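Please read the points beside the model.

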Amino acid sequence: MEEKAFIQIARDFADICERSGLHGLLFQHYVLCRRRAWFHMNRVDYAHLDQRMQRGLALHDKSKPRDRSVEGLLGLAPDRIDWKNSIVIEAKGGGGAVSAVSAQTAFYALMLTSATGRQWRAINEIIEAKRRREVVVDIEMAQLMLDTAKKLEDLANAIEVPHEHSKPICSLCSYRYICGEV
Ligand code: SF4
């Protein structure tokens, strides 16, 4: 019964993501900061100016090559997929903010659940620490992701960038050069 409800939430989630063009990285940004998510949606991207981001991207590129079976898959781009066990794997340079990284990986699990009609699990591979971290994608997480998708859909229609207060993540944020709030 719970799996059926989970799959229905995943389908509602996928419908919103598909009609509004939402992708996994947007969920990561949104958990950290709405303003940052808005910048990313509007293609304002300064990651190339940020040394920490460059290092993370380089580590990611040097990790195990992307699984070819994910190419062209529903417009998704997770790093690897274990089709037999219904597990999606996303590699990250460092651990990052757990809730934000988890949201990106949960996005893939929900989209795959919607597409295949069976419940998927999600794992983050932390490259620097050489370890794996399971993302709990249960019904509560699925509902949280659905709520976030609705908020992101509203944000996609916002003409003006939302205001945010300065917070600890700001000193590490690649958008701090243009943010205007810090
Ligand atoms: S610098 Fe801070 S407020 Fe500005 S986008 Fe980044 S996290 Fe958000």
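1. Of the contacts in the protein between residues at least 6 apart in sequence, 68% join residues at least 24 apart. Two residues are in contact if their C-beta atoms, placed from the backbone, lie within 7 Å.

2. Basis of the note. This is a predicted model, in which local features need pLDDT of at least 70 and side-chain atom pairs count only at pLDDT 80 or more, while totals for chains, interfaces and linings use all residues. Residues are numbered from 1 along each chain as its sequence is written.

3. Overall make-up. The protein has six helices and four strands, and from the N terminus its elements follow the order α-α-α-α-β-β-α-β-β-α. Helices (H or I, at least four residues) and strands (E, at least two) are DSSP runs, numbered from the N terminus. Of the 182 residues, 31% are buried. A residue is buried if 20 or more other C-beta atoms lie within 10 Å of its own, exposed if 12 or fewer, and partly exposed in between, with C-beta atoms placed from the backbone.

4. Helix α2. Seven of the nine residues of α2 (residues 24–32) are buried, so this helix is largely enclosed by the rest of the structure. The buried residues are Leu26, Phe27, Gln28, His29, Tyr30, Val31 and Leu32. Their cover includes α3, α5 (98–116) and α6.

5. Packing of α3 on α6. The axes of α3 (residues 34–41) and α6 (residues 139–156) come within 10 Å and cross at roughly 60 degrees. Axes are lines fitted to C-alpha atoms, for helices over the stretch in contact, and angles run from 0 to 180 degrees between N-to-C directions. The two helices are therefore oblique to each other; angles under 35 degrees count as roughly parallel, over 145 as roughly antiparallel, 65 to 115 as roughly perpendicular and the rest as oblique. Arg34, Ala37, Trp38 and Met41 of α3 make the contact with Leu152, Leu155 and Ala156 of α6. By class, this contact has six nonpolar, no polar and one charged residues. Ala, Val, Leu, Ile, Met, Phe, Trp, Tyr, Cys and Pro count as nonpolar, Asp, Glu, Lys and Arg as charged, and the others, Gly among them, as polar.

6. Alanine 142. This residue belongs to helix α6 and counts as buried because it has 23 C-beta neighbours inside 10 Å. Leaving aside residues up to four places away in sequence, alanine 142 touches Phe6, Ile9, Ala10, Phe13, Leu110 and Val137. Alanine 142 and isoleucine 7 are 135 residues apart in sequence, yet 9.1 Å apart in space, C-alpha to C-alpha.

7. The ligand. Which residues are the closest to the ligand? They are Cys33, Arg36, Cys170, Cys173 and Cys179, out of 13 residues that surround it. A residue is near a molecule if its C-beta atom, placed from the backbone, lies within 6 Å of it. The shell around the ligand has eight nonpolar, no polar and five charged residues.

8. Positive phi values. Arginine 43, in the loop between α3 and α4 (51–62), has phi near 60 degrees, a positive value in a residue other than glycine. Arginine 43 is exposed, with 6 other C-beta atoms within 10 Å. Serine 86, in the loop between β1 (80–82) and β2 (87–92), has phi near 55 degrees, also a positive value in a residue other than glycine.
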